[in-house]
Amino acid sequence: MSADTYPPQSYFAAGYGPRAWFLTTDHKRVAWLYLVALTAFFFIGGAMAVVMRLELATPQGDVLTADVYNRMFSIHGIIMVWFFLVPSIPATLGNFLLPLMLGAKDLAFPRLNLASWYVFAFGSLFTLFAVIAGGVDTGWTFYTPLSSLYSDSYVSAAAFGVFIVGFSTIMTGINFIVSVHKLRAPGLTWFRLPIFVWTMYATALVMVLATPVLAASLILIVLERVFGIGVFNPELGGDPLLFQHLFWFYSHPAVYIMILPGMGVVSEILPCFARRPLFGYRAVALSSMAIAVFGFLVWGHHMFVSGQSAYAGVVFSFLSFLVAIPSAIKVFNWTLTLRKGHITFDTPMLYALGFLGLFTFGGLAGLFVASLAVDVHLHDTYFVVAHFHYIMVGGMVTAYMGGLHFWWPKMTGRMYSELWGRIAAVTTFIGFNLTFFPQYVLGYLGMPRRYHAYPAEFAFWHVLSSTGAVVLAIGYVMPFFYLGWSLLRGSAAPANPWRASGLEWQTASPPPQHNFARTPTVTEGPYAYPEPEDER
Amino acid sequence: MSERTQSEAFAAPRRELAADTFGMWIFLASEAMLFGALLLVFLAARIAYPQAFAAASGHLSLPLGTANTVVLITSSFTMALAHVFADAGRWRGATAGLAATGALGLVFLAVKGYEYRSEYLEGLAPVLGAPFRYEGPAPANAELFFNLYFTMTALHAAHLLGGIAVVGFVLARWRRTAAAGRLRRVTATGLYWHFVDVVWIFLFPVLYLIDR
Ligand SMILES: [Cu+2]
């Protein structure tokens, strides 16, 4: 990066050496620290997925042994969930944008913010050590009694690493909640906040209240392995199922940690490129909170076939259907935002529209698996794999890429190649569907998850899926190059290249060190784009 | 002493005090979920094996547990005094209150350590490869009780140790802390201390008083 080309007041100008980065408390720089770490983990976890799809290209096991395959999908899940998806948008875009959107100079606790990155780095590297030392073969869910009594892989080390990373999640959550409450600029009332801020707030609530339960269950797993405390061991009267309750009490809400931020991003992008205010702003804002609350009440839908009582199954099934309501409210409102809009298909918009389709498709499949009888057939098949990848990858990663492109000019002060951006967006959309749609079919036909070999009649769909994985990988690698190129050679970005509304666009690109030359005063709601009626 | 804030994000120290206090409340909500999950695990086991748990609970030392409860409640009182003094700007009273609080915390840990030692000698602790020795009904379920007892009280003791360390840190940096910073630190530390106290108020009856 040619340092001297940045205006002296930009936040980059505070220093270019390692001290200026690794000891910074500037939320914008901490966002970059996270972005670099998460990009590394995304490619590590993605490489493992590619190897797995390579193995699955043929029915017999030829690339990996069954045991290595188990370790592959376990660590793919652990890395992608905890070291990429959970922190993805909050720790990068959220860290960068939340103070800007609030009209604040920084987050409420800047040093805590930096500390969260070090905790994250330590915990995630510790887990990587466990992987290199021998791996984990329990899947990312650490189900007992396999994880507690039988597995001889590095479960304790991996669980400890995830436990540590949980602290960084909680630190980020506390920082966001307090910042939204205490650092809003004059005139910035709750219902003038952009939806991105609302979703960050809802996400932070879930982070703070769900993560400690994961911590408790991981502590119990490690104590079980080290001291044999018996909580999950029937010999002492313990109950292995109890682990599933604890784990999903965290991990279902964690699903919303992994999708709410994506919803926030597309709520910013869609109005901008449709040149329309967000339709039903209050409903979208409050449905984020509803999703966060309902998310705590549905964990039992992961246990329909685990032997929980039929009555519990019925209640959890019903409550799971309820979550569809706030999600549908959002989808309908996003769609109506496009009505009579002057839509342009810039790169962020392509990603946002991709999100809309893929999230809807994955969400509807969620209704299938939330139905008791249907789930008996679909449980532990590729249908479930396809369902959550549509939400987590089709939804969240697509939104993450869209947001990265949308705010890239703000973060770097550079424009990227629009042509390459569009090519990458379309490539990922095609590659994604080619990878995961066949998995719905496979699951429906009865192909179970977590096997490295399979009967030959499934080969056609598996080959399609593996082909798609290659296309998808190309789509994800492309931005790495053209975004990197833009840092070196990109043309300078104006303050507001998309003519977007929002406080973050009213300051320079890249923003000055304290974000705003003068603390802004807010006099109107977000999404100040023309109404369709105004243009008659 | 200047009226500076610690974080650049805040314009005024009062606002920063409110934010710090609020942040601590959020953190404590998170902590409550951690202990809540463990309490739930304990209650599930206790409901499954009521007699075995009641009998095992009788092996814990009621006098020591009661004494520690008194010690901890007293420490919360001295912590509250420290906050009252700090709020009034009476710094000597505040430091005295903090020092007393930390000392009482150490007393609690000493008593707890003595309890652990006698339980270990009795053969009730699952550590260091020690065999479990217990003459009572359903020894396997009793073992589960003691393991949960050690897990929960040790987690509580770790939190208390953290609290003592923070009190020590606040005192060590006292001279170099401005007035606004002192009040913020005493307020946040106090909230945390009271929370750790309240956790014990739950643990004591749940573990010690099942059948007495
Ligand atoms: Cu779920």
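**Where chain A meets chain B**

Let's start with B:Glu143, which touches A:Leu236 and B:Phe132, leaving out residues up to four places away in sequence; contact here means heavy atoms within 4.5 Å. This is a predicted model, in which local features need pLDDT of at least 70 and side-chain atom pairs count only at pLDDT 80 or more, while totals for chains, interfaces and linings use all residues. Residues are numbered from 1 along each chain as its sequence is written, chains are lettered from A and ligands numbered from 1 in the order in which they are written, and side-chain values use heavy atoms, with hydrogens and water left out.

B:Glu143 belongs to helix α5 of chain B, residues 139-172. Helices here are DSSP runs (H or I, at least four residues), numbered from the N terminus, as are strands (E, at least two). From B:Glu143 to B:Leu72 is 71 residues in sequence and 27 Å in space, C-alpha to C-alpha.

Now look at the whole contact between the chains. Chain A gives 36 residues to it and chain B gives 31 residues. The size of an interface is often given as the accessible area lost when the parts come together. Here chain A and chain B bury about 2800 Å² between them, and 73% of that is on carbon and sulfur atoms. In chain A, the residues that lose the most area to chain B are A:Lys182, A:Phe227 and A:Leu236, together 21% of what that side buries. Buried area is the accessible area (1.4 Å probe) that two parts lose on being put together, summed over both.

What about polar links across the contact? Between chain A and chain B there are zero salt bridges, a salt bridge being a side-chain nitrogen of Lys or Arg within 4 Å of a carboxyl oxygen of Asp or Glu. There are four residue pairs in polar contact between the chains, both residues being at pLDDT 80 or more. A polar contact is a pair of N or O atoms within 3.5 Å; within protein, one must be able to donate a hydrogen and the other to accept it, and residues adjacent in sequence count only if both atoms are side-chain atoms.

Which elements of chain A give two or more residues to the side that touches chain B? They are α5 (110-133), α7 (155-182), α8 (195-227) and α9 (240-257) of chain A. The largest share of that side, ten residues, comes from α8(A). By class, the side of chain A that touches chain B has 25 nonpolar, six polar and five charged residues. In this scheme Ala, Val, Leu, Ile, Met, Phe, Trp, Tyr, Cys and Pro are nonpolar, Asp, Glu, Lys and Arg are charged, and the others, Gly among them, are polar.

Side chains of opposite charge can pair when their charged atoms come close. In chain B, B:Asp20 forms a salt bridge with B:Arg184, with the closest N and O atoms 3.0 Å apart. This pair links distant parts of the chain: B:Asp20 sits in helix α1 (residues 13-48) of chain B and B:Arg184 in helix α6 of chain B, 164 residues apart. B:Asp20 counts as buried at 17% relative accessibility, and B:Arg184 is buried too, at 10%. Buried means under 20% relative accessible area, exposed over 50%, and partly exposed in between (1.4 Å probe, protein chains only).

Helix α6 of chain B, residues 179-208, also holds B:Thr189, which is buried at 6% relative accessibility. A polar atom of the B:Thr189 side chain lies 2.5 Å from the backbone oxygen of B:Arg185. Beyond neighbours within four places in sequence, B:Thr189 is in contact with B:Met79, B:Val166, B:Val167 and B:Val170.

For a comparison pair in chain A, A:Arg71 and A:Asp67 form a salt bridge with their closest N and O atoms 3.3 Å apart. These two residues are about one helical turn apart because they are four residues apart in helix α3 of chain A. A:Asp67, A:Arg71 and A:Asp137 are linked in a network of salt bridges.
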